[in-house]
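This report describes a protein model through its sheet, its helices and its charged pairs. Please read it beside the sequence and the coordinates.

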Amino acid sequence: MQSVSSRLTRIGVFYDGNYFLHVSNYYNYSHERRSRISISGLHAFIRQQVAELEGVNERLCQIVDAHYFRGRLNAHEANQRGNQLFYDRLFDDILMSEGVVTHYLPVKTYQGYRQEKGIDVWLALEAFELALYKKFDVVVLITSDGDYVPLIRKLNTVGSRIMVLSWDFEFENEQGERQVTRTSQDLLEEVSYPVAMHALIDDRTRRNDTIIQNLFVKQGRPTFTPAIASSSSSTSFVSSENSYAANFEDEDEPNYNLIDRPDDDPTGRKISTIRSLKSGYGFINYPPNNLFFHYTSLIDTDFDELHVDDEVEFTIGQNAEGKDIAIDVSLVRS
């Protein structure tokens, strides 16, 4: 008979895919690390944290189930977005290689905007059913949504302890608007193991810890050395988002080849095409100058979905310096 000390600690991991993408975008575009979250590194971190908090051997802490939930474009729509099908498949390959089961619902269009509906309910039902039948010792939720409080209470009734990986952060976008992400306090108060990921990542005393470094996808570039963004090299980046628009290349100079056209609706929505894309920002063709846009200005569109020459709809706004920029940018549906 197995002793308690040698018993396997069974871990189930459940990703709110939209939230995970939002967090990964923040670290890739707005944080000094300039890199996405690594799935394999995150799973290694989870095993270590569970072992430490449960007081057991890390080798006996195993992720036996991992599931990723998100809304996704159908194949026809994705095929209209350049290499979107390729990138979807590439990310699926990454998840598959780490043993993560994917769950997708089709993104629906409401009043001209794409939205995902029902994915949170599906995550909750799947998590409870699997915990019931597979007897997870620890369920790890990667989410910030207080709507999962009832799920946590139900999971507690079947004996699962709950860990939530949370990220709290804020930054200013190019329009000078403060973007804030906070985890529901109701959620954190219900869980057995709340883990403030942002605090661990930004803790300077742990900056060089292998387990923290491995949370990020390895890049062929220095992680903390600022550089000027350049389309000719994927290894360089800018030191802060406020400097994105300050370092134009030739292709971002005024577009003299376009004829200025009359604007019958100076306060309404505009339609044009993407001229260039950088690390977290881009430029839209619009005479007499190209309009800058930041990834935080996108509406129901992931920055990674965008491609040069895509048609987009936007509103003209102004940044803190009074310069025209594009805001509320969304892909035009074909």
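Which side chain meets that of R153 in a salt bridge? The partner is E190, at 2.9 Å from N to O, where a salt bridge is a side-chain nitrogen of Lys or Arg within 4 Å of a carboxyl oxygen of Asp or Glu. The pair links distant parts of the chain, with R153 in helix α6 (residues 149-157) and E190 in helix α7 (residues 185-190), 37 residues apart. R153 is partly exposed at a relative accessible area of 49%, and E190 is partly exposed at 25%; buried means under 20% relative accessible area, exposed over 50%, and partly exposed in between (1.4 Å probe, protein chains only).

## Basis of the model

The model is predicted, so that local features need pLDDT of at least 70 and side-chain atom pairs count only at pLDDT 80 or more, while totals for chains, interfaces and linings use all residues. Residues are numbered from 1 along each chain as its sequence is written, and side-chain values use heavy atoms, with hydrogens and water left out.

## The sheet and its helices

An open sheet is formed by 6 strands in the order β3-β2-β1-β6-β7-β10, with parallel pairing; helices (H or I, at least four residues) and strands (E, at least two) are DSSP runs numbered from the N terminus, and two strands pair if DSSP finds at least two bridges between them. The edge strands, each pairing on one side only, are β3 (100-106) and β10 (193-196). Within the sheet, β6 (residues 138-142) and β7 (residues 161-166) pair over 4 bridges, and V139 stands opposite I162 in β7.

Helix α1 (residues 17-29) packs on the sheet, touching β1 (9-16), β2 (61-72), β6 and β7, where contact means heavy atoms within 4.5 Å. The direction of α1 makes about 90 degrees with that of β2; axes are lines fitted to C-alpha atoms, for helices over the stretch in contact, and angles run from 0 to 180 degrees between N-to-C directions. Helix α2 (residues 39-54) lies across β1, β2, β3, β6, β7 and β10, and runs at about 135 degrees to β1.

## Salt bridges at strand β2

The whole structure holds 12 salt bridges, including one between D65 and K134 at 2.9 Å, N to O. Because D65 lies in β2 and K134 in helix α5 (residues 119-134), this pair ties together parts that are 69 residues apart in sequence. D65 counts as buried at 10% relative accessibility, whereas K134 is partly exposed at 32%.

The side chains of D302 and R70 also meet in a salt bridge, at 2.3 Å from N to O. D302 lies in the loop between β13 (291-294) and β14 (311-318) and R70 in β2, so the pair ties together parts 232 residues apart in sequence. D302 is buried at 17% relative accessible area, and R70 is buried at 16%.
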